[in-house]
Amino acid sequence: MHEPTGRLLTTCGNPRASRCPTCSRLYAADTYHLIRAGLSGGKNVPETIRTHPRVFLTLTAPSFGPVHNRPTTKDGKPQPCRCGTRHPDSAPELGTPLSPKTYDYTSAVLWNAHASALWARFTLNLRRTLAANFGITQKDMNAALRISFAKVAEYQQRGLVHFHAVIRFDGPDGHTNPPPAWASADHLLRAIKPALKRTTLTVVSDTVGDRKIAWGKTFKVDEITALGDGELTDKAVAGYIAKYATKSAEDSGTVDRSLVCRTCSGRGTVGSRIRELCPDCEGTRQAEPLRDLPVHQHVRQMIRTAWDLGGLPEFADLKLCKWAHMLGFRGHFSTKSRAYSTTLGALRDVRRAWRLAQADATRLRAGHPVPAPDTVLVTESSWAYLASGYRPGEELLANQTRHDVCQAQRLKREGLEPA
């Protein structure tokens, strides 16, 4: 009611960097503190968490056909691609198939769609493998220790996701108590490889044939060291994982919006009793024609494959048309187990309380009374959704503010004084 021009500006909460740089930076910062708290303590997590055994794991997708890449030797020297060319870092063909006609697009899309389920199956097999290595039953192991994790998904240039994860041993109650002395990081390092090998899913389809979903042969696992004793320190791992928290499919060259027609909700028709052709998509069910998308041909083919598979009844539960712009992946980009550390909601509550305290301090300095914490203010007002994003003039101001913030942060990192 008292807002200028009668409009209330509020955060959108969209973590995509391409949609809202401000909210994405805030989400990345919250993710950093969430991961860091599970490694170093803080945010109601005891600092003794540093003594818990933990490893950093990177999992990749299998190969569905040779692609253009930038191979290197063990010394880091670049080597020619299989096509015979030394591609630069910004080459648009990186990650695209050498032979698009033989590339298995169907398996690639189905792998993305089942990547989250594959991770869940891996965590189950990891517990089974650890119990076997300890020589005890899973029930006895669960009574003695807990396996906590936090992970993020990142898109590779070929359009397939891979996971970065922190896996940690805790006591039976989580991060509040230590694991038993006989559970070490070496047990995690030895159990991960056999757990990965036994983790598979089978996708049954009469139309495209059965597909076996499994992890790629390339994976990397290292122990996370406390303080500054190695390369994988608490701070380095937290920053590395948080860097990917706001990245999404558009970083692999696709679009950041759903391709399902909003008018007909992807049905192609409108009306309940008398069905009529949707006036916006003209029955295609697409918000915009796939052939007109400003993407690379490889990405367009993955989107088209996801859309075609989404029309098959055996894949209806995957909702691949809805997630075609994500190349089939429909999971969250950052997830954690229940007892890993704090939560994003708790971090938001702390930030909200701090802002309320600042607002109360401002009222006191201005001589205005501060309402009691339990006071409920009731006003007669009417609000209606107007739009998302800025108007042209507001966009200029927002861009200038973002530029000033980034410039100040850069100067601070370099130890320079602002002009």
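Rings of Phe, Tyr and Trp (for Trp, its six-membered ring) pair if their centres lie within 6.5 Å; planes under 30 degrees apart count as stacked, over 60 as edge-to-face and the rest as tilted. Please keep that in mind, everyone, and welcome. By that rule, ring pairs join Trp111, Trp119, Phe122, Phe149, Phe163 and Trp215 into a cluster.

A quick word on the source. This is a predicted model, where local features need pLDDT of at least 70 and side-chain atom pairs count only at pLDDT 80 or more, while totals for chains, interfaces and linings use all residues. Residues are numbered from 1 along each chain as its sequence is written, and side-chain values use heavy atoms, with hydrogens and water left out.

Now the overall picture. The secondary structure of the chain comes to 8 helices and 9 strands; helices (H or I, at least four residues) and strands (E, at least two) are DSSP runs, numbered from the N terminus. Along the principal axes, the C-alpha atoms of the chain fill a box of roughly 70 × 65 × 55 Å. Of the 419 residues in the chain, 41% are buried. Here buried means under 20% relative accessible area, exposed over 50%, and partly exposed in between, using a 1.4 Å probe and protein chains only.

Back to the rings. How many aromatic pairs does a search of the whole structure find? The search gives 11. One of them joins Phe134 and Phe169: the ring centres are 6.4 Å apart and the planes at 45°, so this pair is tilted.

Next, look at Phe163 and Trp215. Their ring centres are 5.9 Å apart with planes at 75°, so the pair is edge-to-face. Phe163 lies in strand β3, and Trp215 in the loop between β5 (211-214) and β6 (219-223), so the pair ties together parts that are 52 residues apart in sequence. Phe163 has 0% relative accessibility and counts as buried, and Trp215, at 9%, counts as buried too. Phe163 also has a charged neighbour: Lys151 lies over its face, at 4.4 Å from the ring centre. For that label, NZ of Lys or CZ of Arg must be within 6 Å of the ring centre and within 35 degrees of the ring normal.

Let's turn to empty space. Rolling a probe the size of a water molecule over the atoms shows where empty space is left. On a 1 Å grid over the protein atoms alone, a cavity is a set of points where a 1.4 Å probe fits but cannot get out, a pocket is an open set with protein on both sides within 12 Å along at least five of seven lines, and lining residues have an atom within 4 Å of a point. Grid points are joined across faces, edges and corners, and a volume is the space filled by probe spheres set on the points.

The whole structure has 1 cavity of 30 Å³ or more, and the largest cavity has a volume of about 40 Å³. Its lining is Trp119, Phe122, Thr123, Leu126, Arg127, Ile147, Phe149 and Ile167. Which element gives the most to that lining? It is α2, with 5 residues. Both α2 and β2 (146-155) supply at least two residues each. By class, the lining has 6 nonpolar, 1 polar and 1 charged residues. Ala, Val, Leu, Ile, Met, Phe, Trp, Tyr, Cys and Pro count as nonpolar, Asp, Glu, Lys and Arg as charged, and the others, Gly among them, as polar.

The second largest pocket has a volume of about 580 Å³. It is lined by 18 residues, of which Thr11, Leu26, Arg348, Arg351 and Arg355 lie nearest its centre. The elements that give two or more residues to this lining are α1 (21-40) and α7, and α7 gives the most, with 9 residues. By class, the pocket lining has 6 nonpolar, 4 polar and 8 charged residues.

Finally, a loop to look at. Lys43 lies in the loop between α1 and β1 (54-59), and its phi is near 55°, a positive value in a residue other than glycine. Asn44 lies in the loop between α1 and β1 as well, with phi near 70°. Are they exposed or partly exposed? Lys43 is partly exposed, at 43% relative accessible area, whereas Asn44, at 81% relative accessibility, counts as exposed.
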